[in-house]
Amino acid sequence: MRKTALITGITGQDGSYLSEFLLEKGYHVHGIVRRSSSFNTDRVEHLYAASQSSDLPFFLHYGDLSDASAVNRLLEKIQPDEIYNLGAQSHVKVSFDIPEYTADVAGMGALRLLDAIKNTGIQTRYYQASSSEMFGLVQETPQRETTPFYPRSPYAVAKVFAHWMTVNYRESYGLYACNGILFNHESPRRGKTFVTSKIVDALVRYKYAQGPALRLGNLDAKRDWGFAGDYVDAMWRMLQQQVPDDYVVATGETHSVRAFLELTLHILGICAVSNGKTGLEEAYLCADTGMPVVVIDARYFRPAEVDFLMGDASKAKEKLGWVPTVTFEGLVQLMVDAEIRAYTHCEQGATNPQIKRVPTPGVGPL
């Protein structure tokens, strides 16, 4: 008998990979999407189209994590065996601008789901997407499940609330509820406002269309970067265990934004080097023309920075049998290759070529 999964945030990077992963395993997959006057389902459009022309068990429902009544109705209607709560306002810098909304969706949204599970009495397993941003001003290195949290943004504070609420409902009401503390995970499907995708997108445009200089903030922030396709596998594994628990998911390596930038420049064959200055005065200049390829912009610095993150996924490796398969270098290459392929689909003869988002070969169903 097929299992049924419900995914919040199904239109995001992780939601699209998880949908494909679960469909490959024979699940019925349901997703919650927010109503919008414009289409916001690009990452799962191929799945929705297939469901309309075949018997692919993929279903989308309007709803919002800020609407408790809608959450309750959907749980009663769908009766999912597994719930994956990936929905959030997940841009850290933006969370400083809209802290109340971020807290409502990322924090209270999780509570609404947990309370709906309790109140409806459905027998389900719940996955909460926690974040390495919760460690913030890190108290030990590497960070593991027992490392104290020190959040440094409204987003991280909201995620800490959701994390401990998940633990509380597990311990208070016997819910099968897990937290996956995922460190940074990227892919060709990452939104263009996130730094990794922003770097790749801008530098491909610079190389092939003489695009403007890339504007960045803190180049020396260090992160533990993995591939999103690997990380959805860990989410699923957590809900297959006999006893619910919390797990760090990470590669165990850390690289700076500068390292990501310089590797992207190298892969694209763009010869640009730092001018040797610091702070807002630094820039990466084209070796041939001396013109800026990358400049530092104060708008992209956070009010409170997270300088260093590196996860210890030993528990996930031991208990879940999970290990990452894509290296840092492989991840950057994957993202660059996909962006170049997308660029080749520009409209021929356009005065200002616009990259068309097309399915990326090699990163489809897992």
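User: What should I know about the model before I start?

Analyst: The model is predicted, so local features need pLDDT of at least 70 and side-chain atom pairs count only at pLDDT 80 or more, while totals for chains, interfaces and linings use all residues. Residues are numbered from 1 along each chain as its sequence is written, and side-chain values use heavy atoms, with hydrogens and water left out.

User: In what order do the strands of the 7-strand sheet run?

Analyst: First the terms: helices (H or I, at least four residues) and strands (E, at least two) are DSSP runs numbered from the N terminus, and two strands pair if DSSP finds at least two bridges between them. Here the order is β3-β2-β1-β4-β5-β6-β11, in an open sheet with parallel pairing. The edges are β3 and β11 (247–249), each pairing on one side only. On average, neighbouring strands are turned by 20 degrees against each other, direction ignored. At the β11 end, β6 (residues 176–182) pairs with β11 in the parallel sense over 3 bridges, and Gly180 stands opposite Tyr247.

User: Which helix lies across β5 and β6?

Analyst: For angles, axes are lines fitted to C-alpha atoms, for helices over the stretch in contact, and the angles run from 0 to 180 degrees between N-to-C directions; contact means heavy atoms within 4.5 Å. With that in hand, helix α6 (residues 154–173) lies across β5 (125–131) and β6, running at about 150 degrees to β6.

User: How do I read a helix pair, say α1 and α8?

Analyst: Look at the distance, angle and hand. The axes of α1 (residues 13–24) and α8 (residues 228–238) come within 9 Å and cross at roughly 65 degrees. The crossing is right-handed, meaning the near helix is turned clockwise from the far one by less than a right angle. Among the residues in contact are Tyr17 and Phe21 of α1 and Val232 and Trp236 of α8.

User: What about the sheet with 4 strands?

Analyst: That one is open too, in the order β8-β15-β14-β13, but its pairing is mixed. β8 (214–216) and β13 (272–274) stand at the edges with a single partner strand each, so one side of each has no neighbour in the sheet. Inside it, β14 (residues 283–286) and β15 (residues 292–296) pair in the antiparallel sense over 3 bridges, with Val295 as the bridge partner of Ala283. Helix α7 (residues 195–209) lies across β8, β14 and β15, at about 160 degrees to β8.

User: How much space lies in the second largest pocket?

Analyst: Rolling a probe the size of a water molecule over the atoms shows where empty space is left. A pocket, on a 1 Å grid over the protein atoms alone with a 1.4 Å probe, is an open set of points with protein on both sides within 12 Å along at least five of seven lines, and lining residues have an atom within 4 Å of a point. Volume is the space filled by probe spheres set on the points, which are joined across faces, edges and corners. Here that comes to about 290 Å³. Of the 14 lining residues, the closest to the centre are Val33, Phe39, Thr41, Leu60 and Tyr62. Strand β3 gives the most, with 3 residues.
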